[in-house]
Amino acid sequence: MNLSRRRTCLAALACTAAATAAPGIAAAQTTAPAEETPARGGVRWSVSLLGGALAPLRSMRDTYQDGLVAGARVELRTRLGLGVVVALDYSPLPRRQTVAETFDTTYGTAALMPAFTLGRGTVRLQLAAGGGGAFEHSTDPDDPEAGGDHVAPAALAQLALELHLSDGGGLVLAAGGTRTFGEGDRAFEYGWAMAGLRLEL
């Protein structure tokens with residue numbers, strides 16, 4: 001066999017070996033990132049910081065007017081969509097100008113709500129409802145002895161639309177209603193709407 005034929009045979013053998021090894025190398029490169037990526041846990045924590053407005057309903061509207069509200073949500077959620085939410089809301093709860101007393105009011109609620117989330121993609125819908133308590137502190141600048149602190153049971157329900165922009169969180173649009181079971185004019189009933197950021201932990 002002359003030198004030219006030997007070179008031709010060696011070149012053919014090299015091409016055959018490269019073609020045979022290529023699929024194995026490609027498969028190894030494809031599976032390597034999946035092996036390096038850590039498995040995502042079945043339970044996720046999240047914190048949402050929200051702000052918006054509330055609107056008194058029914059008899060509460062005779063005494064109070066629309067106002068601002070701020071909220072926080074701390075949630076524990078499983079990959080099946082079941083979870084529990086701790087909801088904290090605060091509002092100055094402004095009174096109407098027609099009321100004779102000039103009260104400064106600090107009002108807040110705390111509730112524990114079982115929740116269920118529909119969807120696992122970018123857009124998810126959450127339903128939650130539960131109970132807790134409402135706290136109101138009011139003072140009258142013209143009469144230091146007026147006002148006082150009041151605590152009452154409260155029920156809260158919310159519907160939230162979540163936009164998951166990354167694995168670390170996204171945006172939340174939430175709306176719902178709150179009702180307290182106080183006595184007299186402190187039996188509050190109002191609706192609210194808030195929006196904000198959601199952080200996945």
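Arg 44 and Asp 167 form a salt bridge, with their closest N and O atoms 3.7 Å apart. A salt bridge here is a side-chain nitrogen of Lys or Arg within 4 Å of a carboxyl oxygen of Asp or Glu. Arg 44 sits in strand β1 and Asp 167 in the loop between β6 and β7, so the pair ties together parts that are 123 residues apart in sequence. Arg 44 counts as buried, at 16% relative accessibility. Buried means under 20% relative accessible area, exposed means over 50%, and partly exposed lies in between (1.4 Å probe, protein chains only).

This is a predicted model, in which local features need pLDDT of at least 70 and side-chain atom pairs count only at pLDDT 80 or more, while totals for chains, interfaces and linings use all residues. Residues are numbered from 1 along each chain as its sequence is written, and side-chain values use heavy atoms, with hydrogens and water left out.

**The chain as a whole**

The secondary structure comes to 1 helix and 8 strands. From the N terminus on, the order is α-β-β-β-β-β-β-β-β. Helices (H or I, at least four residues) and strands (E, at least two) are DSSP runs, numbered from the N terminus. The chain has 201 residues, and 31% of them count as buried. Its accessible surface comes to about 11,900 Å², of which 64% belongs to carbon and sulfur atoms. Accessible areas come from the Shrake-Rupley method with a 1.4 Å probe; for residues, only the protein chains shown count as cover. Contact means heavy atoms within 4.5 Å. Of the contacts with a separation of 6 or more, 59% are between residues 24 or more positions apart.

**More salt bridges**

The whole structure holds 11 salt bridges. Side chains of opposite charge can pair when their charged atoms come close.

| Pair | Closest N to O |
|---|---|
| Arg 44 and Asp 167 | 3.7 Å |
| Arg 77 and Glu 75 | 2.7 Å |

The pair of Asp 89 and Arg 73 links strand β3 to strand β2 (residues 67–78), 16 residues apart. Asp 89 is buried, with a relative accessible area of 10%. Arg 73 is buried too, at 5%. A network of salt bridges links Arg 44, Glu 75, Arg 77, Glu 162, Asp 167, Arg 198 and Glu 200.

**Strand pairing**

Two strands pair if DSSP finds at least two bridges between them. β1 and β2 pair in the antiparallel sense over 12 bridges. Ser 46 stands opposite Glu 75 in β2. β2 and β3 also run antiparallel, joined by 8 bridges. Ala 70 has Tyr 90 in β3 as its bridge partner. The hairpin of β2 and β3 has 3 residues between the strands, and Gly 81 takes a positive phi near 100° there.

Thr 106 lies in strand β4. It is partly exposed, with a relative accessible area of 35%. Leaving out residues up to four places away in sequence, Thr 106 touches Tyr 90, Ser 91, Phe 135, Glu 136 and His 137. Thr 106 and His 137 are 31 residues apart in sequence, yet 5.1 Å apart in space, C-alpha to C-alpha.

**The nonpolar core**

A nonpolar core is a set of buried Ala, Val, Leu, Ile, Met, Phe, Trp, Tyr and Cys residues joined through side-chain atoms within 4.5 Å. The largest one has 23 residues, and those with the most contacts inside it are Leu 93, Met 113, Phe 188, Tyr 190 and Trp 192. Two or more residues each come from β1 (43–56), β3 (82–91), β4, β5, β6, β7 (169–180) and β8 (189–200). β4 gives the largest share of this core, 4 residues. Beyond its neighbours within four places in sequence, Tyr 190 is in contact with residues including Leu 54, Met 60, Tyr 107 and Thr 178.

**The nonpolar patch**

Nonpolar residues also gather on the surface. Leu 80, Leu 82, Phe 116, Leu 118, Val 123, Leu 125, Leu 127, Leu 159, Leu 161 and Leu 173 form a patch there, with about 860 Å² of accessible area together. Patches are made of residues with over 30% relative accessible area and no salt bridge: like charges are joined within 9 Å, nonpolar side chains (Val, Leu, Ile, Met, Phe, Trp, Tyr) within 5 Å. β4 (104–118), β5 (123–140) and β6 (143–166) each supply at least two residues of the patch. β5 gives the most, with 3 residues. Leu 159 lies in strand β6 and is partly exposed, at 41% relative accessible area.
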